[in-house]
Amino acid sequence: MRLNIVFTIAVLLFVHNSFAQIDLSSALLWTDDNKKISLRKPADVLKEEVKKRTGITIAPVTKVQPGQTVIYLVSSEGEPKLPKQIRELAARLAAPGEEGYKLITSKEQSLVIISGKNARAVLYGVGKFLREAHMKQEVLTISDNISVTSTPAYPIRGHQLGYRAKTNSYDAFTVKQFDQYIRDLALFGANSIEIMPPRTDDDDSSKHMVTTPFKMMVEQSRICKEYGLDVWMWYPNMGSDYVQRDSLRNEMKERLEVFAALPKLDHVFVPGGDPGDLEPDVMFKWLGTVATALRQYHPNAKIWVSPQAFRPGQSWFDSFFTHANAGYPWFGGVVFGPWVKIPLEDLRKKLNPAVPIRRYPDITHSLSAQYPVPDWDVAYAMTLGRECINPRPNDQKMIHNRFDKLASGSISYSEGTNDDVNKFIWSDLDWDPSTPALKTLYDYARLFINEEMAPELALGIEALETNLRGPLLTNKTVEQTLLLWKDLERKATPDMINNFRFQMCLLRAYYDAYVQRRLIRETAIEMQARQILEDATAETSHLAVLKAMQVLDEVAYEPVAISLREKCFVLADSLYSSIGAQLTIEKHGAMPGRGNFLDNIDIPLSDAAWLQDQLNGIEGIADDNERLQKIKDILLRTYPGPGGFYDHFGSVQSKYRVVTDKTYQEDPGSLQSPRISFGVGIIGEEWVHEVRSQGFSGQTTPAAWMSQINTLYDTPLKIKYDNLDSTAAYKMRITYTGRFRSKLKLVANDQFVIHDFMQTGERPVYEFDIPKEATSSGKLVFTWTCGEGQRGSQVCEIWLIKK
């Protein structure tokens with residue numbers, strides 16, 4: 001795999017460097033003077049981005065003289081105005097489609113042509129030019145004989161940039177930063193930005209905000225209008241009542257103020273739930289009224305809706321699709337995003353062919369998410385958490401291309417800059433699904449970080465994704481990745497050191513290595529403590545408990561890899577300064593359970609906390625034999641007895657027992673197949689954002705309880721056993737943990753009810769007898785289902801114990 005990656009990088013370098021170069025350091029800029037189509041913005045972008053990287057000022061010219069090197073920006077309508085020889089050169093390429101461009105270079109004629117149907121298309125051509133050009137101080141060149149015509153595969157290509165308190169950085173953005181960030185996205189083909197109204201499921205403001213959400217919303221719309229991009233608005237129904245007249249009047253008053261203030265608004269996306277759960281009849285009636293108000297200010301704007309709800313029943317969906325297929329003139333289409341329980345293939349079948357689908361992929365979260373990191377190590381789940389810096393280029397390409405033909409494109413769900421790399425992967429793929437992820441990383445590194453180090457940077461970013469694969473304890477990539485990024489850091493220019501994109505990746509490399517070293521050490525300490533307890537006799541049991549507790553205390557009192565830890569906090573401060581990234585609650589003002597993954601850096605990673613808690617409970621036992629028995633109970637917690645079975649289904653080691661007919665690549669959202677999930681669960685709390693060895697009533701729990709196998713909604717969860725003793729009787733001990741509190745039913749071999757629908761989440765461990773008839777064949781298949789409207793089935797541990 002590594003050789004293939006290196007080969008790909010070598011090919012990229014060959015393509016960039018093998019052709020003769022056109023020196024553009026003295027180039028002039030000729031812009032088509034067309035009253036219908038203004039190319040002022042693409043021209044400004046080209047000049048500003050070149051000057052930023054080279055110090056070169058590209059001067060405009062209206063009349064080209066012989067011998068001058070010229071960059072021509074021209075609309076398709078304006079191509080006939082070009083001199084004959086140049087016009088013929090442009091005509092050799094077929095006209096691009098909607099939003100497509102031509103990019104032509106010729107050393108012989110000392111020119112570059114960037115052409116498109118309109119200003120937006122020319123802007124994308126400028127983006128391609130900047131990605132292909134070689135830029136450093138006082139140097140601007142581009143390869144000769146580039147002859148490219150390119151048209152996007154999908155008409156919707158964008159990202160959500162919500163200015164609200166719960167984001168991990170956007171709420172600290174200035175207007176200037178939003179302008180640059182939106183520009184960066186457009187250079188990779190984005191044509192849509194989704195903004196938010198002032199009132200959402202969030203605090204009204206944050207201490208990071210430089211202006212009010214209302215004012216920033218208007219500024220974001222203005223910026224998009226200047227770049228010629230589409231403006232979408234995520235607008236949830238936050239009111240308590242959408243039937244009573246007074247409530248409707250207040251809701252409409254707010255929307256009229258929002259719609260009137262926006263310079264541009266093309267689409268409104270209203271989620272069916274999370275937040276704003278409404279019955280479809282009520283929701284669509286209300287949206288018809290909203291559409292009338294919307295068209296007063298934005299006559300061509302459409303309203304899109306998602307079948308997104310936490311606990312939808314079949315009647316909810318029946319009603320939703322009746323309305324979605326009704327042909328309302330204001331209806332834009334359906335959005336497929338997180339917490340839509342219907343697979344995208346089925347959604348497409350249920351909608352009329354004329355109804356478009358827009359994807360709303362969650363590219364920002366790593367767990368408790370639409371597309372979590374597959375088979376993630378629990379140490380990462382605890383420390384990196386839900387909203388870490390998360391470049392996942394290969395996963396994102398696979399997820400995009402698995403379903404891209406079923407939709408008209410995507411606008412991603414994003415909560416900040418943590419998913420920066422993923423945004424550019426999606427934009428590139430919505431333009432051309434065949435684009436290699438490594439090519440996007442290479443262009444991203446060249447344009448935004450450092451051209452000369454782009455090959456190493458691309459490999460380094462990809463390595464951060466590889467860090468997440470497999471058990472962290474034995475992952476050799478983590479240390480190699482750190483060495484790669486340390487080398488880049490050593491060679492970095494001052495601009496690179498202050499570049500937030502470089503800082504984010506560097507932080508992850510240090511963080512991953514620190515967590516791994518802690519895990520190795522804490523695992524060894526736990527094993528040492530367990531060995532002391534295993535060697536105890538009745539007479540030495542009290543001393544063994546004291547010694548084991550003393551050993552376990554080393555986790556807290558003798559830290560490891562201090563320099564790596566310190567570097568993480570230095571980089572976190574730098575990111576707060578450069579981009580407003582909020583990686584801690586206390587110092588950087590992060591929202592709990594969001595981007596504050598640096599707060600998790602010292603969370604205990606082994607079973608030491610539970611072991612200490614158990615030892616504290618038996619230290620005061622006076623009877624030696626009783627104390628020794630308690631020690632054995634602790635050490636043998638998972639032992640199923642002679643001829644028994646024990647499995648922890650939050651571990652990949654037990655996944656072979658889980659029945660599934662779909663791979664991760666076939667079903668990355670786990671709507672039809674099981675996934676490993678994280679979280680113990682707290683009584684009375686529906687949603688737990690952070691993974692801790694604490695649960696139910698707040699007690700310390702075994703580390704195993706923090707992960708489990710689960711299916712979503714009404715997808716059955718199946719676990720099989722074979723090689724059972726067909727003559728024996730078994731009882732089952734089962735641990736139900738996880739963030740869902742579903743009502744579950746368990747059946748063996750499709751006929752023996754082990755327990756009927758029962759509320760989980762109240763206590764962890766249950767025991768049930770297994771009918772002897774169920775094991776008479778030596779094989780057993782357990783099937784869990786949950787009631788209609790429930791979130792899904794979750795199973796943590798199973799013991800099959802011979803009676």
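Predicted model: local features only at pLDDT ≥ 70, side-chain atom pairs only at ≥ 80, totals over all residues.
Figure 1. You'll find Asn710 in strand 23, which covers residues 707–712. Who touches Asn710 once the neighbours within four places in sequence are set aside? The contacts are Ser673, Pro674, Arg675, Ser677, Phe740, Ser793 and Gln794. Ile676 is worth a look too: Asn710 and Ile676 are 34 residues apart along the chain, yet their C-alpha atoms are separated by 6.2 Å.

**Figure 2. Thr775, a loop residue.** Is Thr775 buried or exposed? Its relative accessibility is 1%, and buried means under 20%, so Thr775 counts as buried. Thr775 belongs to the loop that links strand 28 (765–770) with strand 29 (780–786). Skip the neighbours within four places in sequence, and Thr775 is in contact with Leu724, Asp725, Ser726, Ala728, Tyr730, Ile770 and Leu780.

**Figure 3. Strand 26 and its two partners.** Start with strand 26 (residues 743–748) and strand 27 (residues 752–759), which pair in the antiparallel sense over five bridges. Strands of a sheet pair through backbone hydrogen bonds, either parallel or antiparallel. Lys743 faces Gln759 in strand 27. These two strands make a hairpin with three residues between them, and Asn749 in the turn has a positive phi of about 50°. Strand 26 also pairs with strand 29, again in the antiparallel sense and over five bridges. Here, Leu746 has Trp784 in strand 29 as its bridge partner.

Figure 4. Zoom in on strand 7 and strand 8 (residues 139–143), and you'll see antiparallel pairing over three bridges. His134 stands opposite Thr141 in strand 8.

**Figure 5. Helix 5, from end to end.** Helix 5 (residues 175–187) is built from 13 residues. From first C-alpha to last, helix 5 reaches 18 Å, close to the 18 Å expected at 1.5 Å a residue. Which residues of helix 5 are buried? They are Phe178, Asp179, Tyr181, Ile182, Arg183, Asp184, Leu185, Ala186 and Leu187. As you look along the helix, keep one general point in mind: an α-helix has 3.6 residues a turn, so residues three or four places apart point the same way. Just after helix 5 comes Gly189, with a positive phi of about 100°.

Figure 6. How many aromatic pairs does a search of the whole structure find? It turns up 41 of them. One aromatic cluster is made of Phe284, Trp316, Phe317, Phe320, Phe321, Tyr328, Trp330 and Phe331. Arg637 lies over the face of Trp610, at 5.9 Å from the ring centre. Arg733 does likewise with Trp799, at 5.3 Å from the ring centre.

Figure 7. Most residues other than glycine have a negative phi, and most peptide bonds are trans. With that in mind, look at the bond between Asp274 and Pro275: this peptide bond is cis, with omega at about 0°. Asp274 also has a positive phi of about 55°, although it is not a glycine. Both residues lie in the loop between strand 13 and helix 8. Asp274 is partly exposed, at 27% relative accessibility. Ser110 isn't a glycine either, yet it has a positive phi of about 55°. Look for Ser110 in the loop between strand 5 (101–106) and strand 6 (111–116). With 22% relative accessibility, Ser110 counts as partly exposed.

Figure 8. Gly228 and Ser192 are 36 residues apart in sequence, and their C-alpha atoms are 9.3 Å apart in space.

Key. Residues numbered from 1 in each chain as written. Heavy atoms only, no water. Helix = DSSP H or I, 4+ residues; strand = E, 2+ residues; numbered from the N terminus. Expected span 1.5 Å × (residues − 1). Buried < 20%, exposed > 50% of the residue type's maximum accessible area, 1.4 Å probe, protein only. Phe/Tyr/Trp six-rings, centres within 6.5 Å; stacked < 30°, edge-to-face > 60°. Lys NZ or Arg CZ within 6 Å of the ring centre and 35° of its normal. Pairing = 2+ DSSP bridges. Contact = heavy atoms within 4.5 Å.
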